[in-house]
Every structure is written in structure tokens, then in C-alpha cells.
Amino acid sequence: MLNNYRSAFLRKSNKNIQLFRLSSGSLEKSSSNGIKIDIPKYINRGPTDILKAISSTVQRDPTAAHYKYHDDPYLIPVSNFQKRAYALSQESGRKAAHWILNQHPELFNHKVAFPPIEKFCPKVVYDESCELDENELKIIIEKSNVSDAITVHNLLTKKGIEISSDTQQSLLELVCFYNNQDILEEDWIEERWYTQANKDREEFRNTWKSNGFAMTLFSTIKSPNSHHYSIIIQGMAKYNQFEEAYKLYKEAIEKGFILTINAYNSAIRTAVYVKEGADHKWLHIQEILTQMNDSGVPMNLWTLNSILSVLSTMATNSESKKYALKTIAEAKQLGIEPSLATYYYLLQIFCADRKNKSTILVDILNVIEEKSLTIKDLADISFFTAAMENCRYHLQSVDIALRVHSILLKENNYNLIGDSYRESVYYRHLFAILCQNESVEFLMKYYDDLVPHIYIPEPNITELIVKSINIAAAVEMYPKIWSDILMFDQADREPIIIELINGMAQNLFPSFEPSIKEKLGLLSGTIYDAIEERKETGKIKMSWTGNMLGNLINICLFGDNIDKATEIVVKLHKHQNDIIGIPDSHTIATFLDYCIENNCFNELLKCIEYSLEVNYFELDDFISKIMTKMTLSPMQRAHLSKLVGTEHYVEIENKIESVSS
């Protein structure tokens, strides 16, 4: 009874809400007091608008991984490989479920939802037994199922069913846009995120299927019109079949066709390959622009970007800047507002010469800083990465880099970062310029905020960060950076290990507190053990050098870690053939001084044994120092005499007596 009443109440409430929405179209209402009340017009809201509004009030937690990962310490990725693997594994499971559903539809006869949700239903398989008509083909084209559309078209043609010219044109648009192959569905967000970089590597590689269905379909059209030519030209140009696209463009112009604006834009881009030399490419562009003007086709934003894209390929030519400015001025007169892609191409053109610095990026930032950015061109996603690269190599300005970063983080601008590869390159440049220009405290502020959940430094960036810590003598940061090196699986990178060990050895100041000294001593032992463990398992092929092990000994002694320092000395003695070079005599002298001061005779003997094997020039001085500064028992004297050699020991003893007398 209550359920019936609740349903009736909700129906009545919905009617009242709808009536109110209809009545809210009027701008003003009068109250009983005669005061006019403005009722705002109804704004159409999406199903997730409230959630977006709430989420905008919550800041990102730098200590938490992305929500797509399981909130479990063992399942939170700590390397770029793990990020990719964990994210794609979830989608892999869903793709496997889809595959089973499509391969064995007979096992899924139950109704998952009512009304049916198409995504939950097995994929329809089209064959000769299916009753098909043109309407079915239209539905498939509308869904952008390329392979099914080709199959159904072939079945209709085989059955002699006539297909209208409009449907043929729609099919031609579909197969040209997707190059005769199915696209990756929008549901597979992570796969699209991680595979976009592969498409960028094919930017100028011809991937057009020359003998594909698109060419076959175009050739079967009895009297192709301007739209058909426009479609095939755009498809070829999109997949870098520039020569054939330009031939068809010339053929269409000779037939007197007026092409679409996008076809003209595609024809402009063909200049990259069909013409050689900057002057010929510019003449090619001018010819097409003249043809557009004669045909009454005005240029648009994509025309502007197409021209600048061609000019960016000949940026080393001095005339390209003049052509670019001329194009921008004409676009401005036509009221065309540039997109981020426009600015990206301008950076490529004006900043190609690193000797002559251009501050065009500053002018661009002044324009876009207060604007709400949206994507208008596919190349828009290249702007922020190019801008940060420009800050690092061209302007070498950390202030401009931070301006770029603040714009990226504004509102929804982060959506324009592009893909995982561009994101990684962007932060690589940001951290590089911070390492080169800012204090280590400022650097670590960004490091703590972005690493590891947003960005995991590449080995060369990790090396730069270690260098910054070394220069600032920020010894308190060594344990954290070493922990991250292990976590990022970069302990096998010899330049990083060398930089870290050398930096620690150079920053051993006596004024440090005992707790810091102890931490450094323990850390040096941890570094040694970690590398030794990886060498034994074959994870590292790095060879120890005498200088590296000598620095580790110095650090261990600085932190009173005599046991680990002795272990390294034994390593030097037993594996001389595997170690490149020897520690300097200062390290050996430091070790002996520590042993003398702390009465560590057994450790001292191991050091002398190694020194005898290596035959240091200062060996006699080492033994003399032991005999004069250390109180030795008769047994200890006997051990030392046996190790050094009785005759040599007596000789050194006589020298000491003669000097003292």
C-alpha cells in the first residue's frame, strides 16, 4: 500500500516539476506584494553535473594513488611499467569477458537488463543467412562499426540490393575516416591512454590502405561528385598518403568541383611530401588558398593550423617566420581565434633556432592565461609538452615554466595534457628545469607532490635530482631518495649509484649531529648490500670500482659502521680481479686511523693485508703509525710481524727508534 502511494506521489511530483520548468520560461513573476521576482530559465543538467561540482571542492591527495588502482599497498604501482600493467590488466579482464560473450552467445540467454542494454548483448554476426536491407546498413554506419558495415555492404551487393548514393557516401566517410578498420572502443579508456603515443610515432608514416575497401568503394561510384572527392582526399591525407591525395585533388579541380573546406585543408598538408624546398611548399599553399578564394570557400581555424603545420616542417628556413606572421595576420582579419595547436606550431617555427632566443611563448601565455581552454584541434594536446620543452631548452626560464604549469592545472586544462607519454615528457622537462635553477627545498616540494602517483622520474631525471641534493649538501634527503631509487627499480643504473655515493662522500662534515652521522653510515651499508644482492641475482651487471667502494668505506667510518667498512675491505681483497681500480691511500689511512683510535686490531690487520697485496706506496708509513700510536700486546706484535714479514717489521722498527733518538 505504501509503495503504491509512494509511486503515485512521485508521479504527481514529477508532473509539478515539469509544469514549473515550463512556466519558468517567463522572465518575471509578481508576488502578492507587487514585487517582481525574476525566475531563471531552466538549465539542462547532465546526470553527473552534481558529482562534478562536489569533486571540484576536493583537492587531490598527493599521498594517494589514482582511483583506478586498488587501495592496497601491494597493488599500488610504483613504476611506469607497473602503472601501465595494473591499469591495462583491469581492462584486459573486461575485454576477456566481452570476448567470451561474443564467442559463446548461446551461454547467455538470460536478460541482464530491461529494456536491453546493447553493450551487454552478444555482437551480431552477419552472414548470407541474415535478412538485410539498406536500413540495417545505415544503423551499422551510425554505430561506426567499420568491419560490420563492409560485410553488410558486400552482402547487399551480392544479393543485388541497390544502395542509395547517400548511404554510399556515408559508408565512404566511415571507411575513409577509420582507414577500413575498426577503432578502439571508447570504453577502453586506459588502452587509448597508453597507445596514443604509438599513433604519434606514425605522424608522417604512410598507413593508408591503398588497396582497401575505401578505394574499391570509390571506384565503384559511377559519377563521383565533389563530396566523394572531398571524402577520399581527407582520408588519404589523414593517413599520410599525400601523393595520391594531391593527385585526386588536382583531378577534382580539373573537373571543376568545389571541394569542402576540410578537403582543401588536407590538400594544404600534402605540401609536406609532394613539394621540396620552402619556396615550393609556400607556392603550393598559396595556389590552394587562391583556389579556395575563387571558389568562395573561406578559410577556418583548421586551414590556419594546416598552413602552420607545413611551415613548422621548414622552420629552419628564415622565410618561414615571415610566412607564419602573414598567415596569422590574415586569420585575425577573418576573425579566426587561434587554438593551442596554432600556438604549438608557432613555437615550432619561431624557436627552432636555439641560438637566437624568441620570447613568443611569453606572448602566448599572456593571451591564454585568463582563458578557459577547450580542445579544437587534435594537435592541441601537443602544446603544453612543447611549451615546457621550450622553457627548458630555449628560454631556460623556471619562472615561465611555472606559469605554464599553473595554466595546465587551471580548471579542466589538464585534459589537454594528451596521453601518458606526453604527460611523462612534460614532467621530465619540468623537473629538469627545477633541478637546474631552483633550490633543493623548492624542488622537493614538487617532488613530494607529484612523485610517484603522477610522475615517476626517468633515470636521467633521478640523476639530476641526486645532483641537486649533493650540491645543496641536503644529507637528510639521502635516505628518501635511495628508498625511491629502489622503489622505481633504478638501482641498476650506474650513473645514479655513482652520483649518489660520490655526493654522500663529499658531504661528510664533522659538524653533523651524531644521529645524522649514524644514518649516513647505515645508509651506505644498505646501498652496498642492495647492490650486492642484485649482482648475485643477475639484476645488475654493474662492476664495482675501487673509488666507489672507497667512498662507501669513508661513509661507513663517518657513521661508526666499522663492521660494514671491514666487510667492504674484505671484498676488495678477495675480489680484486672483479673490481676496477683501488681506493686511494687517503681512504686506507682513514680506516687505519679509525682502527687505532677505537682499538680495532682485527679489522686493522685485514686492512694491512689488503694494503700489502695492493702494495700502496705509503705502506711503511701505515705500519709505522700502527707501531707508534697503538699500544700493541706481544701477541698483536707477533701477528703484525708475521703479516708484514719479520725482516721488514724489524727494519721499520729500527727506523722508528733512529728517528726517536
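Reader: Which are the buried residues of H26?

Author: This is a predicted model. In H26 the buried residues are Gly546, Met548, Leu549, Gly550, Asn551, Leu552, Ile553, Asn554, Ile555, Cys556, Leu557 and Phe558. That is 12 of 13 residues, and the helix is mostly covered.

Reader: What covers the buried residues of H26?

Author: The cover includes helix H24 (494-506), helix H25 (514-537), helix H27 (562-574) and helix H28 (585-598).

Reader: How far does H26 reach from its first C-alpha to its last?

Author: Helix H26 spans residues 546-558 and reaches 18 Å, close to the 18 Å expected at 1.5 Å a residue.

Reader: And just after H26, which residue takes a positive phi?

Author: Asp560, with a phi of about 60°.

Reader: Different topic. Where is Asp148 found?

Author: Asp148 sits in helix H5, residues 146-158.

Reader: Is Asp148 buried or exposed, and what is the nearest side chain of opposite charge?

Author: Asp148 is buried, and the nearest side chain of opposite charge is Lys123, 4.2 Å away. A salt bridge needs a nitrogen-to-oxygen distance within 4 Å, and Asp148 has no salt bridge.

Reader: What does Asp148 touch, leaving out residues up to four places away in sequence?

Author: Lys123, Val124, Tyr126 and Ile140.

Technical notes:
Residues are numbered from 1 along each chain as its sequence is written. This is a predicted model: local features need pLDDT of at least 70, side-chain atom pairs count only at pLDDT 80 or more; totals for chains, interfaces and linings use all residues. Side-chain values use heavy atoms; hydrogens and water are left out. Helices (H or I, at least four residues) and strands (E, at least two) are DSSP runs, numbered from the N terminus. Buried means under 20% relative accessible area, exposed over 50%, partly exposed in between (1.4 Å probe, protein chains only). Lys and Arg count as positive and Asp and Glu as negative; His and the chain ends are not counted. Contact means heavy atoms within 4.5 Å. The expected span of a helix is 1.5 Å times one less than its number of residues.
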